[in-house]
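Please look over the sequence and the 3D view before reading on.

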Amino acid sequence: MNNVLNHDLSGADGNQPIAQNKAARHGGLTRSPEIWGPGGLELAERIADAMNLPADSLVLDLGAGSGEISCFLAREYGWRIIAVENWNGLDAVKKIQWKANQRSLGRRITAMHGDATNLPL
């Protein structure tokens, strides 16, 4: 996994990022109020591609934030996602599940309230 996280995110010339087809279909969302951490969908795509998991794999999105990346991974890779968020209590979890349901991903995404030091799994 360490290789995935240290993966070079620059283009062939070392300066320009490589275009990401899947993320681009979702508007990129590198900087958006829906993406709460660095890297956005582009980084999620690069990591997902490097993981090379088959469709229907069960993936934990720890610190799922708004659920945007969970939805992206479920739609684009066909993964089943457990989206765990601790911030803002159950309100955040309800919003993640609502977003998944609105995008017809409710069967692929399960949102849960949890803390990384004490996961409810």
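Ring pairs link Phe 72, Tyr 77 and Trp 79 into a cluster. The model is predicted.

**Aromatic rings**

- Two aromatic pairs turn up in a search of the whole structure.
- The ring centres of Phe 72 and Tyr 77 lie 6.3 Å apart with the planes at 75°, so this pair is edge-to-face.
- An angle over 60 degrees is what counts as edge-to-face.
- Both Phe 72 and Tyr 77 are buried.

**The sheet**

- An open sheet is built from three strands in the order β1-β2-β3, and the pairing is parallel.
- Strands β1 (58-62) and β3 (109-113) are the edge strands, each pairing on one side only.
- From one strand to the next, the twist averages 20°.
- Strand β2, residues 80-85, runs parallel to β3 and is joined to β3 by five bridges.
- In this part of the sheet, Ala 83 is opposite Ala 111 of β3.

**Helices on the sheet**

- Helix α4, made of residues 68-77, packs on the sheet and touches β1, β2 and β3.
- The direction of α4 makes about 175° with that of β2.
- Helix α5, made of residues 89-102, lies across β2 and β3.
- The angle between α5 and β3 is about 175°.

**Ala 92**

- Ala 92 belongs to helix α5.
- With a relative accessibility of 5%, Ala 92 counts as buried, because the cut-off for buried is under 20%.
- Setting aside neighbours within four places in sequence, Ala 92 is in contact with Glu 85 and Trp 87.
- Ala 92 and Ser 66 are 26 residues apart along the chain, and their C-alpha atoms are separated by 7.0 Å.

- Side chains of opposite charge can pair when their charged atoms come close.
- Across the whole structure, a search finds four salt bridges.
- One of them joins Glu 68 to Lys 99, with the closest N and O atoms 3.0 Å apart.
- This pair links distant parts of the chain, since Glu 68 is in helix α4 and Lys 99 is in helix α5, 31 residues apart.
- Glu 68 and Lys 99 are both buried, and the relative accessible area of Glu 68 is 8%.
- Glu 68 also meets the side chain of Arg 103 in a salt bridge, at 2.8 Å from N to O.
- Arg 103 lies in the loop between α5 and β3 while Glu 68 lies in helix α4, so the pair ties together parts 35 residues apart in sequence.
- Arg 103 has a relative accessibility of 32% and counts as partly exposed.

**Salt bridges around Arg 108**

- A salt bridge joins the side chains of Arg 108 and Asp 56, at 3.2 Å from N to O.
- Arg 108 is in the loop between α5 and β3, and Asp 56 is in the loop between α3 (40-51) and β1; the pair links distant parts of the chain, 52 residues apart.
- Arg 108 is partly exposed, with a relative accessible area of 24%.
- Asp 56 is partly exposed as well, with a relative accessible area of 43%.
- A network of salt bridges links Asp 56, Arg 80 and Arg 108.

Notes
Residues numbered from 1 in each chain as written. Predicted model: local features only at pLDDT ≥ 70, side-chain atom pairs only at ≥ 80, totals over all residues. Heavy atoms only, no water. Pairing = 2+ DSSP bridges. Helix = DSSP H or I, 4+ residues; strand = E, 2+ residues; numbered from the N terminus. Axes fitted to C-alpha atoms, helices over the stretch in contact; angles between N-to-C directions. Contact = heavy atoms within 4.5 Å. Buried < 20%, exposed > 50% of the residue type's maximum accessible area, 1.4 Å probe, protein only. Phe/Tyr/Trp six-rings, centres within 6.5 Å; stacked < 30°, edge-to-face > 60°.
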